[in-house]
Structure formats: C-alpha cells, structure tokens
Amino acid sequence: MSNTKQNAVLRPETAAPGETAESLGAQVLALLPTLRMHSVSLFDGKGDVQWLSEGALGPDEQFVVGEAIATLTAATTRAHFETMLADNRAALFLAVRTPRAQLAGLVMVLMDGKTLSSGNLAARILTTNMRSVLQKIAMLLVPPPAPSSTGIGSGIRPFSSGTQPLEVTVVPDVVGDTADDLPVKDVLEILEPAAGGASAAGAEVLDFADAQSLQLRELIRLRPGGRTRRYQIVPVAEQQRGDALTTLNQLLAWLGEHPAVLQGDPLSFTIGVSASALADPQLPAALAAALAASSVDPGMIGFELRESACVLHRSQAERFVKQCEQSRCFAVIDDFTFNTAALDLLRSSAVQLLKVETRLVATALRDKLAQARVVAIAQAAKVLGTHCAAKYVDSQTGRRWLTAVGFDFTQSSTVEPLQRLLNPPSS
C-alpha cells in the first residue's frame, strides 16, 4: 500500500465503523519497520490484553506493562517508553492517548535487545500514519461520552461498586532527568501546582549551597522496634533531582554545620540517583570520595536506584551497589515490582530497603494478583533481611493492611524543610 493510500485511510481521531482491536493491531503491525521482532500486542488502560499478534505473554511481560502504564500515565506528554527484560529482549511501548492526553492504552512491541539499542527506533516508528492509527485505537478503547439531554457531554463515570484501591497521594518525584524520565507512580488524581511555587513569576533562583534547597520526606515506622529516624532527601529544584553528588555534598555540608543534629536518635538519609546519573561510570567513585572526606558516618547515607533504571543499566547498577558495600553506605531499590532482571542486586548486603511501586500498592485491595505480588515482596524482604516500604499511603486503613502483610515503613507524602531536624520530636 502506498503512503498516499495510507494517509487517505488512517485519518487522525477517526475510528471507522466496524474497526476492532484485531484490525487496528494489524494496521500497527503493517506500519512497523523491519525489526527482529517477537510480537506486537495491544492493551487497554488497565493492562488487559486486547490483541496479540502471536505467542503468549508471561509474568515478565505483565510486569513491564504495569511499569509502562504507570510511567506514561504520569508523563502526559510522553509518547513512548522503553525497557529491557531479563532474557535480553526489549519492550517498546507506544502510548495510546485520548485528545485530552488521557492514557487509553498501549501498544507493546517485543524485540531483541540489540534492535532497541540500534538507534532512535521510537522516532522511526512514530510516523504520521502510526500516530493516526494510535488515535483510532484510543477512540475504540475510550469512546467519546454521549451528549446529555442538555447537549453537554458528561465525561464522568460512576464509581465501581467493588473494593476501592488504597488511598495513595500523588507527589512530585525526587528522581528525574527530563520529561522522559518520570517516576513509576500510580496517578489517582492530578495535583495542582502550589501557588507561589518555584514557577511563580519573580521567583528567586535557588542557591544549591543554601540549606533551603533541601527538604525531607519521613519514613514512618509501621511496627515497634528501633529508634532510627529515616528520611528521604528531596531537592527543591527540579533540575537537581537525581543529581546525587550535588545533593550529597549539600547534605554533608549542612550536617557538618549542625553537629548537634547527630547527637540524638540515630538518623538515616536516602538520596535519589537518576537513570542518567547511574549510567555515569565516575559517579560511584565520586560519591565514595565525598563520603570519605566527611566526618559523617557513611552508614547513615543511602542511595535510591529505581528498579527500571537498574534493568536498563544492569552493569552500572551492579557496580554502584558494589561501591556502596565498599564505602559502607547502603542502597535502596525504588519502585520495586519484583522484576526478575533486577533480583540479582538483592544478593548484596548493601541493599537494605525495597520501596514498592506506588501503583502496585494502590491496586492491591481490588486486584488479587497485585495483592499477591505485594505480599510476596514483603515476605521476600523478610527472607533477605531487608526492610520493605510503601510510598504515600497516608490513610490509617491502608497502613493497618500494610502492617498486617509485613511492611516495615510507609513514606509520608508530606515534604518538610531540612531545618526540622534542628528541633527533633520529643521521645
């Protein structure tokens, strides 16, 4: 079929009568360039398979589908997501979005890992014709609302009568490179930016040497035992989030200026490492040198590596965790989903905390498979001798359930200034 005919057939935002997931999937398959491809599949926004070109999908594929849905839901302007599987296969996900940028579904292309690394594959695939097919798929998966009797469409759907998910607060990520490296988060609501924030007109440029540029999120203990107060360090400036070396130097300098902070109950801090920073071969040594030059006990400092970044940069992640062992600091696997490609990292004694992916925890009370995975992670953490945490579960009901299944902590959604440590809570 010539390009002229394709453009005539595949009009944007138009689903022809009689179009099905199978017919639209076949159109996607026909538009793909020549690849060392395993299969192409179509999913709705919940991760349910609508069409599969061949073969079957196993647990590893289902895991990365959930990861892609969470990532592309959070990043509303992002058109694709890429990840590696444990057996040297790669998955490229194309976002299927409604005209309002809602994620309606996904197209997953499974291929050899070398194919994905052979150039800007997504740009070659996302042609005008392909985007037109994706728009048609969106119209099929999320039909526009029927107009009401007053002629005004109601975009509101009733709540399901089933069990509602855990209440999870959506918060800005503290590890990120660009709009294409957003967190794996469950987006249950959209938070409006706070008035007078950093983007407000006339806002001052943040001085990275100023303690005001660092904030805290506390890890709240779910079960008795231990006195250590644990915090995640949150840089105020978005451009610094994921810049582990800058954040570490700021934190060490502040602690050096306020030694009294270290005289009370033990403290523990974690700092996010972005995917691009993890790929830097010089970062582990630079962090080790900063810790060695400081009087702060390195055992107080941990570094958060997102599971998806560990999968994409496996050798770098292994090197980073090994350096943590040598430097006597610790590592945290963030947005953990039990991806088999990242499990070898858990053999290291440096890995002391697993932070479970927010979307997985949020759906655990309404989806038995998600619940089984959450419980399995909590139990595996006990066997491995690591702590297990959920993020942003602020409701008492949710916390009681997490405690019952074996979680140690939940991370607060509240951000507080670093200076809070100057006035610790009374014991």
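Analyst: F338 has a relative accessible area of 25%, so F338 is partly exposed. This is a predicted model. F338 sits in the loop between β10 and β11 (351-356). Its backbone deserves a look too. F338 is not a glycine, yet F338 has a positive phi of about 75°.

Now step back to D335. D335 belongs to strand β10 (residues 330-336). D335 also has a positive phi, about 50°, and D335 is not a glycine either. Is D335 buried or exposed? D335 has a relative accessible area of 3%, so D335 is buried. The cut-off for buried is under 20%.

Next, the setting. The protein has 14 helices and 14 strands. Of its 427 residues, 49% are buried. Take the contacts with a separation of 6 or more: 68% of them are between residues 24 or more positions apart.

How many residues does the largest nonpolar core have? The largest nonpolar core has 61 residues. F269, F303 and F407 have the most contacts inside it. Helix α7 (residues 244-257) gives this core its largest share, 6 residues. There is also a second, separate core of 32 residues. Among its members are L42, L92, V107 and L134.

Leave out residues up to four places away in sequence, and F407 touches L222, R223, V356, V374, A378, C388, A389, A390 and L402. Follow the last of these. L402 lies in helix α14 (residues 396-405). L402 counts as buried because its relative accessibility is 0%. With residues up to four places away again left out, L402 touches L222, V361, A390, V393 and F407. L402 and A378 are 24 residues apart along the chain. Their C-alpha atoms are separated by 9.0 Å.

Helices pack together as well. Two packed helices are described by the angle between their axes and the distance between the axes. Start with helix α9 (residues 283-292) and helix α11 (residues 314-327). These two pack at an angle of about 20°, and their axes are 9 Å apart. That angle makes α9 roughly parallel to α11. The crossing of α9 and α11 is right-handed. On the α9 side, L283, P284, L287 and A288 take part; they meet F320, Q323 and S327 in α11. This contact is made by 5 nonpolar and 2 polar residues, with no charged ones.

Now turn to another pair, helix α2 (residues 21-31) and helix α6 (residues 128-141). Here the packing angle is about 165°, and the axes are 10 Å apart. So α2 and α6 are roughly antiparallel to each other. The crossing of α2 past α6 is left-handed. Which residues of α2 and α6 meet? In α2 they are A21, L24, Q27, V28 and L31; in α6 they are N129, M130, V133, K136, I137 and L140. This contact divides into 8 nonpolar, 2 polar and 1 charged residue.

Back to the starting point. F338 is partly exposed, whereas D335 is buried. Both have a positive phi, about 75° for F338 and about 50° for D335.

Notes
Residues are numbered from 1 along each chain as its sequence is written. This is a predicted model: local features need pLDDT of at least 70, side-chain atom pairs count only at pLDDT 80 or more; totals for chains, interfaces and linings use all residues. Side-chain values use heavy atoms; hydrogens and water are left out. Axes are lines fitted to C-alpha atoms, for helices over the stretch in contact, and angles run from 0 to 180 degrees between N-to-C directions. Helices (H or I, at least four residues) and strands (E, at least two) are DSSP runs, numbered from the N terminus. Angles under 35 degrees count as roughly parallel, over 145 as roughly antiparallel, 65 to 115 as roughly perpendicular and the rest as oblique. A crossing is left-handed if the near helix is turned anticlockwise from the far one by less than a right angle, and right-handed if clockwise. Contact means heavy atoms within 4.5 Å. Ala, Val, Leu, Ile, Met, Phe, Trp, Tyr, Cys and Pro count as nonpolar, Asp, Glu, Lys and Arg as charged, and the others, Gly among them, as polar. A nonpolar core is a set of buried Ala, Val, Leu, Ile, Met, Phe, Trp, Tyr and Cys residues joined through side-chain atoms within 4.5 Å. Buried means under 20% relative accessible area, exposed over 50%, partly exposed in between (1.4 Å probe, protein chains only).
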